[in-house]
Amino acid sequence: MTSVFKKLKLELEKTERLDKVLTGELGLSRTTIQSWLKAGLISVNGEVVKSNYKAQSGDEVTILQKEEDVITIQPENIPLDIVFEDDSLIVVNKPSGMVVHPSKGHYSGTLVNALLYHSNSLSDSTSEEIYRPGLVHRIDKDTSGLLVIAKNNDVHQKLAEQIAENKMNREYIAIVDGHFAHETGVVDAPLSRHQTNRLKRVVEKGGKNAITHFEVLDSFSDYS
């Protein structure tokens, strides 16, 4: 069974591919939007369409969600390390070991559970499988660091656009096995999902652009 997730009436200056339009409107990845279209969960003016449908101003879009994919997320009183907060967004320092959002096998104890307890004003973003209020981007469970949380959909969309257009920089400190030939440099290697292990990424021609500027802070006997 399905239920209505969202309805939109598009206001466009020119015709554009529907998947591109919805990526901007919802602040989600094009891969997510395309998966919904492939599953027949998106219709325009009452007709199910494909991802290459040319959207026009005035089109009425209906997005459905599968009932079995809906997970009820409970607010939980989990301490948060809030670095910054105003009426538009929250910057939170996520500790290592905390899962960012609920999913199969992780229904509680996540950052989203904590955010729902902390604030009743979060954007209503969703992914292809899970409702993710406030989340503009993610980091892995075992990675600690700053996450920007949107308090409304307008801010969410603007932040998502900045990330998509590479206007927002992210810096990481990591321990790497071995040594670098140079103290600074650039790694320009397109990434794709591993064909059999969907949790892994591999360097592959034709993958998504991934550019990393690095600087070696220190070197030791076996690692940097």
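This is a predicted model: local features need pLDDT of at least 70, side-chain atom pairs count only at pLDDT 80 or more; totals for chains, interfaces and linings use all residues.
**Whole chain**

Start with the protein chain in cartoon view. Its secondary structure comes to four helices and 13 strands. Colour by burial, and 33% of the 224 residues count as buried. Among contacts between residues at least 6 apart in sequence, 60% join residues at least 24 apart.

**First stop: helices α1 and α2**

Select residues 18-26 for helix α1 and residues 30-38 for helix α2. The two pack with their axes 9 Å apart, at an angle of about 120°. α1 and α2 are therefore oblique to each other; angles over 145 degrees would count as roughly antiparallel, and 65 to 115 as roughly perpendicular. The crossing of α1 past α2 is right-handed.

Now show side chains at the contact. From α1, display Leu 18, Asp 19, Lys 20, Leu 22, Thr 23 and Leu 26; these meet Arg 30, Ile 33, Gln 34, Trp 36 and Leu 37 of α2. By class, the residues of this contact are six nonpolar, two polar and three charged.

**Second stop: the four-stranded sheet**

Next, find the open sheet whose strands run in the order β1-β6-β3-β4, with antiparallel pairing. Select 2-9 for β1 and 47-48 for β4: these strands stand at the edges with a single partner strand each, so one side of each is left without a neighbour in the sheet.

Move to the pair formed by β3 (residues 42-44) and β6 (residues 60-66), which are joined in the antiparallel sense over three bridges. To see how the two strands line up, select Val 44, which stands opposite Val 61 in β6.

Pick Phe 84, and its bridge partner in β8 is Val 91.

Select Thr 110, in the loop between β8 and α3. Is Thr 110 buried or exposed? Thr 110 has a relative accessible area of 0% and is buried, because buried means under 20% relative accessible area.

Show what surrounds this residue. Apart from neighbours within four places in sequence, Thr 110 is in contact with Ile 78, Met 98, Val 99, Val 100, His 101 and Pro 102. A C-alpha to C-alpha distance to check is that from Thr 110 to Gly 97: 9.6 Å in space, for residues 13 apart in sequence.

**Last stop: β10 and β13**

Finish with residues 184-188, strand β10, which pairs with β13 in the antiparallel sense over five bridges. Asp 188 stands opposite Ile 211 in β13. Select residues 211-215 to see β13 by itself; how many of its five residues are buried? The count is zero, and the strand is hardly covered.

How values were computed:
Residues are numbered from 1 along each chain as its sequence is written. Side-chain values use heavy atoms; hydrogens and water are left out. Axes are lines fitted to C-alpha atoms, for helices over the stretch in contact, and angles run from 0 to 180 degrees between N-to-C directions. Angles under 35 degrees count as roughly parallel, over 145 as roughly antiparallel, 65 to 115 as roughly perpendicular and the rest as oblique. A crossing is left-handed if the near helix is turned anticlockwise from the far one by less than a right angle, and right-handed if clockwise. Contact means heavy atoms within 4.5 Å. Ala, Val, Leu, Ile, Met, Phe, Trp, Tyr, Cys and Pro count as nonpolar, Asp, Glu, Lys and Arg as charged, and the others, Gly among them, as polar. Two strands pair if DSSP finds at least two bridges between them. Buried means under 20% relative accessible area, exposed over 50%, partly exposed in between (1.4 Å probe, protein chains only).
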